[in-house]
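Please find below a short note on the model under review.

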Amino acid sequence: MLRSGFLFRGSSYGRGKIKVRGFDWKVIQNNLPFLLQGLLTTFQLAAIAIGGGLLLGTVLAVARLSSRRFIYAAVTLLIHLLRSLPLILVIFWFYFFMPILIGRPLNDFLSASIAFIIFEAAHFAEIIRAGIQSISKGQMQASLSTGLSYPQSMLYVVIPQALRNMIPSLLTQSVVIFQDTSLAFVIGVKEFLRSANIVDAREVRSLELYSFVGIVYFIFCFSMSRITKRWEKKKRSKV
Amino acid sequence: MIEIQNVSKWFGKFMVLDSINEVIHRNQVVVICGPSGSGKSTLLKCINGLESFQEGDIIVDGVSVRDKSTDLNKLRQNIGKVFQKFELYPHMSALQNITLAPIRAKKIRKSDAEQKAFALLERVGIRDQAHKYPGELSGGQQQRVAIARALAMEPQIMLFDEPTSALDPEMIKEVLDVMIDLAKTGMTMIVVTHEMNFAREVADEIIFMDGGRIVERATDSAFFENPKTDRAKDFLSKIFAVG
């Protein structure tokens, strides 16, 4: 059972029964540079997804608050569409669609980056929209009444306050993105999980390798969620 | 000069302003009073274009508020507004609250804007609180910062929307004193308030609104001594019974 299935294909075919062997952590040590390279790719992909997603998400959020009906309707439809699709589908879709669109094959990392940015932008946009709407209308009115324009009022008055309220949700979403980058595996991006998978194909040390991957993911995600929790506590004590 | 010409406004089917006509001259102080829901605050919002209206027009110093080609941001620089709930920016110090618009909208140098802000804080009596955040100030202090923020753009007209009704009683006076000083310098002011002592002292005209209409207007003493409408009589008796 353990060695069947998609993820384990590389190491399971033709090997027959699983031999129960002792743990051998040396496999980690011996392949550490390669694994760390994968981890670095995971971080890069997460950073691109978070950074690009936040930027595009802010634009989408402001567009969703637009009083122009066409902009509102178009952006709302796009956001709902993206939020209804599984991420893996969006990754596949861009991987197969982009080459048709631009006429040449796209590097897998780039394709994954575009898919992540667009998918996460839709999720960030909803967090940001809720954050902006949590700021009282009076703040915008006060700012407008001093002669600042609408974009200036958004930039200097509303968004800084909204961001502060949003930080816990944004951090939580970022942790989810960090975990989700492992899905880039399916189009061949050599991120952390894929690296472990490649090493496993050669060394047949699934238990050690996937435990190691799990521990690393746990350490990062757990510490991030602790930070988020502390932030929320601090915010609550301030109010 | 503000000319309110036959302004009507509906929220859906509900009529909030019903054919309002009023002329407010330079240096005049006009107090608007009336029961809640009578359209006072909405009228103020229409004057600086924070709310739109369906009929009529408002001309501020020759510029139409309703005309699509009017640069509302420019117009608003000339009309300061003070809000019931202060609406200071909580993420900025008192000083930053005051200098934001001069720096960003008028493109004044930061050092000049700060110098001006200190002078304004001095004028409203809280220069020593310049670097505090709104959350660290009392209600009265916050409202005085809000007045300084509005004055920082050097407006010709000031609008006040129930500036003292969110304040504890002991803080009302410090805000009213600032407003009275301002009135005495010749500022054109439109003040929505129930502070009848303020009205008595500085108002050139009192407008009584009810149900989206102006039902009575008078110079101050006439209104208090001899309200013409029953609605105004009733309103005044309630105000003074509470006060």
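Predicted model: local features only at pLDDT ≥ 70, side-chain atom pairs only at ≥ 80, totals over all residues.

1. Extent of the interface. Chain A contributes 18 residues to the contact and chain B contributes 22 residues. Between them the two chains bury about 1,700 Å², with 58% of that area on carbon and sulfur atoms. Of the area that chain A buries against chain B, 31% is supplied by S145(A), T146(A) and Y156(A), more than by any other three residues.

2. The chain A side. Helix 7 (137-145) and helix 8 (150-180) of chain A each supply at least two residues of the side that touches chain B. Helix 7 of chain A gives the most, with seven residues. By class, this side of chain A has six nonpolar, 11 polar and one charged residues.

3. The largest nonpolar core. This core has 52 residues, and those with the most contacts inside it are I147(B), M158(B), F160(B), M179(B), M189(B), F198(B) and F223(B). Helix 6 (residues 169-184) of chain B provides the largest share of the core, nine residues. Leaving aside residues up to four places away in sequence, M179(B) touches I147(B), F160(B), P163(B), M189(B), V191(B) and F198(B).

Technical notes: Residues numbered from 1 in each chain as written. Chains lettered and ligands numbered in written order. Heavy atoms only, no water. Contact = heavy atoms within 4.5 Å. Buried area = accessible area lost by both parts, 1.4 Å probe. Helix = DSSP H or I, 4+ residues; strand = E, 2+ residues; numbered from the N terminus. Nonpolar A, V, L, I, M, F, W, Y, C, P; charged D, E, K, R; others polar. Core = buried A, V, L, I, M, F, W, Y, C linked by side-chain atoms within 4.5 Å. Buried < 20%, exposed > 50% of the residue type's maximum accessible area, 1.4 Å probe, protein only.
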